[in-house]
Structures are given as C-alpha cells and as structure tokens.
Amino acid sequence: MKRFVLSVLVENHAGVLSRVSGLFSRRGYNIDSLTVGVTSHPGQSRMTIVVQGDDHTLDQIEKQLFKLEEVITIEHCDPSETVLRETALIKVSAPPEARVGIIETANIFRAHVVDVGIETLVIEATGSQDKIASLIRLLEPFGIKELVRTGLTAMDRGSKLLGGDL
C-alpha cells in the first residue's frame, strides 16, 4: 500500500466537509489525515487529505471527489515537489529536575515551549511527519501526558498554484 496526499480545492460553504468525508466512508476508504483551511481566495478552502491504497484506489477516490459539485480541482502531491508539514502540541511531564533536558530536546528540533505549568511543559513543533515522530520518541521517556497532531498540510514548491491562476 502506498500513501497518497491529495490537495483538494473546494467551494467554502456549509456541508462540504461532511460531503467529502461521507464520500470516503460510503466507499469504504479510510482517511489517515484531513486538514481544511480557507485560502487567499474568498469562498474557497483547501483540503489536504492523506489516504493509503494502491493506484486503483487513488483513481477511484479522485473520480468520486470530482463528482461533488463543490470540488474545484484535485492535485496528487508528489512529495519531491511539495512542502509537507504537520504541527504537534505535546504536553510533557516536567518536574524541575527534567525541564532542562526537555527544553534542550525541543531546541534540537526547533520546537518551542508554548506553556509552562507547575508540573508540565507544552511543546509546539512543526515539520515533517518523521521529524514530529522523532521528537515524540525522544520526549516519551519524560512522560507524555497529552498529544495532538494536526495532520499534514501541503503546498507545491515554486510558482505552481493549485487551481491555476484563480
């Protein structure tokens, strides 16, 4: 099975997310990651959808998505030509004697401490999925209390635009 990242430009109105996710569930496709955000164009949002499957599965997903009237364009993101990023917030157990080690670990990954509690630190990290996973592995011995990840967001490198010159 391969991992595919799709960047889908859609009309931004109520029910679009429900229609897209419903399409996947009706067809029995699992979404590994889904992020949605507005674009610089009023009335449009970009969905970054990560799925696993074979080439036939990808073809079927794209065909089904294009049947939705809100879908403007779909792009299969080539990892070598795309900037792929994820953000994570990681709450770590941080008694005073462990704080220096946690902060040094975060600094190695260019992560930031965004909250300091009496017994915890919250670390914010942005980067590739591998970078985030590596940071999590190194923070596990300190005791991860809570973790949230955004899922991938994607954008083509260079001057290419999703949907052309909109």
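User: In this predicted model, at what angle do the axes of helix H3 (residues 99–108) and helix H4 (residues 129–139) cross?
Analyst: Two packed helices are described by the angle between their axes and the distance between the axes. In the predicted model, the axes of H3 and H4 come within 10 Å. Their crossing angle is roughly 165 degrees.

User: Is H3 roughly parallel or roughly antiparallel to H4?
Analyst: Angles over 145 degrees count as roughly antiparallel. The axes of H3 and H4 cross at roughly 165 degrees. Therefore the orientation of H3 relative to H4 is roughly antiparallel.

User: Which residues make the contact of H3 with H4, and how many of them are nonpolar?
Analyst: H3 contributes Ile102, Thr105 and Ala106, while H4 contributes Leu135, Leu138 and Leu139. By class, the contact has no charged residue and one polar residue, and the number of nonpolar residues is five.

User: Is arginine 110 buried or exposed?
Analyst: Arginine 110 lies in the loop between H3 and S6, and its phi is near 55 degrees, a positive value in a residue other than glycine. Most residues other than glycine have a negative phi. Exposed means over 50% relative accessible area. Because its relative accessibility is 71%, arginine 110 counts as exposed.

User: Which residue of S7 is the bridge partner of histidine 112?
Analyst: Strand S6 (residues 112–116) and strand S7 (residues 120–127) run antiparallel and are joined by four bridges. The two strands form a hairpin, with three residues between them. In S7, the partner of histidine 112 is glutamate 124.

Key: Residues are numbered from 1 along each chain as its sequence is written. This is a predicted model: local features need pLDDT of at least 70, side-chain atom pairs count only at pLDDT 80 or more; totals for chains, interfaces and linings use all residues. Side-chain values use heavy atoms; hydrogens and water are left out. Two strands pair if DSSP finds at least two bridges between them. Axes are lines fitted to C-alpha atoms, for helices over the stretch in contact, and angles run from 0 to 180 degrees between N-to-C directions. Angles under 35 degrees count as roughly parallel, over 145 as roughly antiparallel, 65 to 115 as roughly perpendicular and the rest as oblique. Contact means heavy atoms within 4.5 Å. Ala, Val, Leu, Ile, Met, Phe, Trp, Tyr, Cys and Pro count as nonpolar, Asp, Glu, Lys and Arg as charged, and the others, Gly among them, as polar. Buried means under 20% relative accessible area, exposed over 50%, partly exposed in between (1.4 Å probe, protein chains only).
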